[in-house]
Amino acid sequence: MRGCELKLAWLVDNFSQLPPNPTQIQLQQYCRARILYILGGELLPDKSNSRVHLMYLHLLRDLSRVNRYSWGSACLANLYRELCRATKPNAKAMGGCLMLLQSWAWYRLPFLAPRFNGLPTYPFAKRWGQTQLIFQGVPRGDLTGYRSRLDHMEASDFKWLPYQTYINNLPRQVQQDKRVWSACTALICFSIVEWHQTDRVRLQFGLVQDIPQEPKNLDAIHRVDKRGNQDANWATKHAH
């Protein structure tokens, strides 16, 4: 432990394999440990990428309620906040679900992306988890090469409608939930509040593009973090 954070390596060392003939309680304990590892190691990692905050453990107390939380919203809120922090001149590292950010970049900046000739998959980020990716002609692990391509890109190199040909391949449930994932609303993850400004990018998802609202000023909320708020009830603080 370090403060309220637990080492991910400790979870691996103690919960990698179930004991023989596990009890129902042990099954639940190992399930919580696995979900906690996914949260801290993949979906909501901090800059250390080696620890997970125990505030998430409370959400796993009742496993029958885990699927009621909007984990996707929390993942986006955390990534957006980390993107803001990474723009500071003294920033040396970045947290958040960077796999999601890389997938976003590869769909919109194809001159940086490897080629894959298979059919589109859902979730979209899964496309880049294949073993047959072709990196010929694109940078790979070459920071100078990436910077050079970005410095010389033109407006036509950015793909504004990356999912246009995939819309009809989305699972039916995703299409039915369109009014949910296209909602312009707050994304909340404990102390973090970001705005889901889908009203500015509706064309990307085959929706009617209205005149966008004025962007939200979140300066005051961005100054709030977990420091000094260990016992804060964020549901009450963010009720408005």
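Mentor: Start with the cluster. W106, Y107, F124, W128 and F135 form one aromatic cluster. Rings of Phe, Tyr and Trp (its six-membered ring) pair if their centres lie within 6.5 Å; planes under 30 degrees apart count as stacked, over 60 as edge-to-face and the rest as tilted. This is a predicted model, where local features need pLDDT of at least 70 and side-chain atom pairs count only at pLDDT 80 or more, while totals for chains, interfaces and linings use all residues. Residues are numbered from 1 along each chain as its sequence is written, and side-chain values use heavy atoms, with hydrogens and water left out.

S103 is in contact with F124, A125 and W128, leaving aside its neighbours within four places in sequence (contact means heavy atoms within 4.5 Å). S103 counts as buried, at 5% relative accessibility (buried is under 20% relative accessible area, exposed over 50%, partly exposed in between, with a 1.4 Å probe and protein chains only).

Now K126. It lies in the loop between α4 and α5 (143-151). K126 is exposed, with a relative accessible area of 51%. Its C-alpha atom is 23 Å from that of L187, 61 residues apart along the chain.

Helix α4 has another partner. The axes of α3 (residues 71-86) and α4 (residues 98-108) come within 10 Å and cross at roughly 80° (axes are lines fitted to C-alpha atoms, for helices over the stretch in contact, and angles run from 0 to 180 degrees between N-to-C directions). The two helices are therefore roughly perpendicular (65 to 115 degrees; under 35 is roughly parallel, over 145 roughly antiparallel, the rest oblique). From α3 come C75, L76, L79 and L83; from α4 come L98, L100 and L101. These contact residues divide into seven nonpolar, no polar and no charged (Ala, Val, Leu, Ile, Met, Phe, Trp, Tyr, Cys and Pro are nonpolar; Asp, Glu, Lys and Arg are charged; the others, Gly among them, are polar).

Back to the rings. The whole structure holds 10 aromatic pairs. One of them joins Y56 and F190, edge-to-face, at 5.7 Å centre to centre and 80° between the planes. This pair links distant parts of the chain, 134 residues apart. Y56 sits in the loop between β2 (51-53) and α3, and F190 in the loop between β3 (185-189) and β4 (192-196). Y56 is buried, at 6% relative accessible area. F190 is partly exposed, at 23%. Next take Y69 and W71: their ring centres are 5.9 Å apart with planes at 75°, so this pair too is edge-to-face. Y69 is partly exposed, with a relative accessible area of 31%.

Last, the whole chain. It has nine helices and four strands. From the N terminus on, they run β-α-α-β-α-α-α-α-α-β-β-α-α. Of its 240 residues, 31% are buried. Among contacts with a separation of 6 or more, 56% join residues 24 or more positions apart. The C-alpha atoms fill a box of roughly 55 × 45 × 45 Å, taken along the principal axes.
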